[in-house]
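Biologist: I have the model open. Can you take me through the main features of its interior and surface?

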Amino acid sequence: MTELDEMAKGAFQEAGNIGMGHLATSLSKMVNRDVKIDIPVVEMLTLDEIIARSNEEGKNKSVVGIHLHMSGDVDGGTLILFPKFSALSFSDLLMKKSIGTTTKIEEQQIRKLREMGVNLCSSYMRVVNEFLGINLKIGDPSIEVNMEGVGDFISAEIGNLADQFVVVKGECRLPSTNSKNEFNMLFEPGATDIIMAAIMKKMMG
């Protein structure tokens with residue numbers, strides 16, 4: 001498997017930091033709560049490794065997953081994963097209900113979570129586009145609820161894109177509710193040269 005060199009990793013890290021900052025601001029406005037973010041982690045992972053890690057997350061708890069395809073100057077996608085408790089809490093906040101009101105993810109909750117996924121990804125993409133001077137677009141979201149077969153969902157959504165991906169992973173947490181969501185940007189390895197060229201162009205003015 002190809003490894004990312006430090007310069008390439010730094011480029012993705014810088015773009016990820018900016019994107020996650022704006023994503024957190026957007027999420028905070030949506031739910032009217034303080035949002036904390038972790039520093040994004042950048043790795044080159046195979047499709048099997050991405051599936052294995054997501055399956056590990058789903059072993060002990062139900063999971064809600066949202067995927068949006070990414071196109072434009074590079075191909076890839078975004079994958080947002082929620083533990084079930086977090087999905088229920090976010091649903092309550094988005095519908096302006098008290099935490100603990102929602103006990104089941106149904107069509108109304110799915111619609112709210114899907115809208116949130118699109119808004120978060122749009123916010124992320126917008127600032128990354130502006131920062132790098134490239135064109136990234138997001139497609140319609142796919143959502144899966146209570147995924148015992150999270151690996152099947154991921155494989156179906158991104159398995160035809162590549163065998164390995166540059167993954168920029170960040171986590172948003174709501175300290176007041178102990179809820180979190182995991183946000184993954186998945187880039188095909190070919191995106192490395194394009195992202196690097198954009199960073200170098202920016203550095204050189």
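Modeller: Start with the largest pocket, whose lining residues divide into six nonpolar, two polar and five charged. Here Ala, Val, Leu, Ile, Met, Phe, Trp, Tyr, Cys and Pro count as nonpolar, Asp, Glu, Lys and Arg as charged, and the others, Gly among them, as polar. This is a predicted model: local features need pLDDT of at least 70, side-chain atom pairs count only at pLDDT 80 or more, and totals for chains, interfaces and linings use all residues. Residues are numbered from 1 along each chain as its sequence is written, and side-chain values use heavy atoms, with hydrogens and water left out.

Biologist: What volume does the largest pocket have, and which residues are closest to its centre?

Modeller: Its volume is about 170 Å³. Of the 13 lining residues, Arg 53, Ser 54, Lys 169, Glu 182 and Asn 184 are the closest to the centre. A pocket is an open set of points on a 1 Å grid over the protein atoms alone, with protein on both sides within 12 Å along at least five of seven lines, and a lining residue has an atom within 4 Å of a point. Points are joined across faces, edges and corners, and the volume is the space filled by probe spheres set on them.

Biologist: Which element gives the largest share of that lining?

Modeller: α2, with four residues. At least two residues each come from β2 (41-46), α2 (47-58), β4 (76-83), β6 (164-174) and β7. Helices (H or I, at least four residues) and strands (E, at least two) are DSSP runs, numbered from the N terminus.

Biologist: On to the largest nonpolar core. Which members touch the most others?

Modeller: Leu 27, Leu 113, Leu 132 and Phe 187, out of 52 residues. Helix α4 (residues 107-132) gives the most, eleven residues. A separate second core of 15 residues includes Leu 45, Ile 50, Leu 79 and Ile 158. A nonpolar core is a set of buried Ala, Val, Leu, Ile, Met, Phe, Trp, Tyr and Cys residues joined through side-chain atoms within 4.5 Å.

Biologist: How do α1 and α3 pack?

Modeller: At an angle of about 65°, with the axes of α1 (residues 6-31) and α3 (residues 84-94) 8 Å apart. Leu 27, Met 30 and Val 31 of α1 meet Phe 90, Leu 93 and Leu 94 of α3. Axes are lines fitted to C-alpha atoms, for helices over the stretch in contact, and angles run from 0 to 180 degrees between N-to-C directions.

Biologist: And Ser 91, buried or exposed?

Modeller: Buried, because its relative accessible area is 0%; buried means under 20%, exposed over 50%, partly exposed in between (1.4 Å probe, protein chains only). Ser 91 is in helix α3. Leaving aside neighbours within four places in sequence, Ser 91 contacts Thr 102, Ile 105, Gln 109 and Leu 113, where contact means heavy atoms within 4.5 Å.

Terms used: On a 1 Å grid over the protein atoms alone, a cavity is a set of points where a 1.4 Å probe fits but cannot get out, and a pocket is an open set with protein on both sides within 12 Å along at least five of seven lines; lining residues have an atom within 4 Å of a point.
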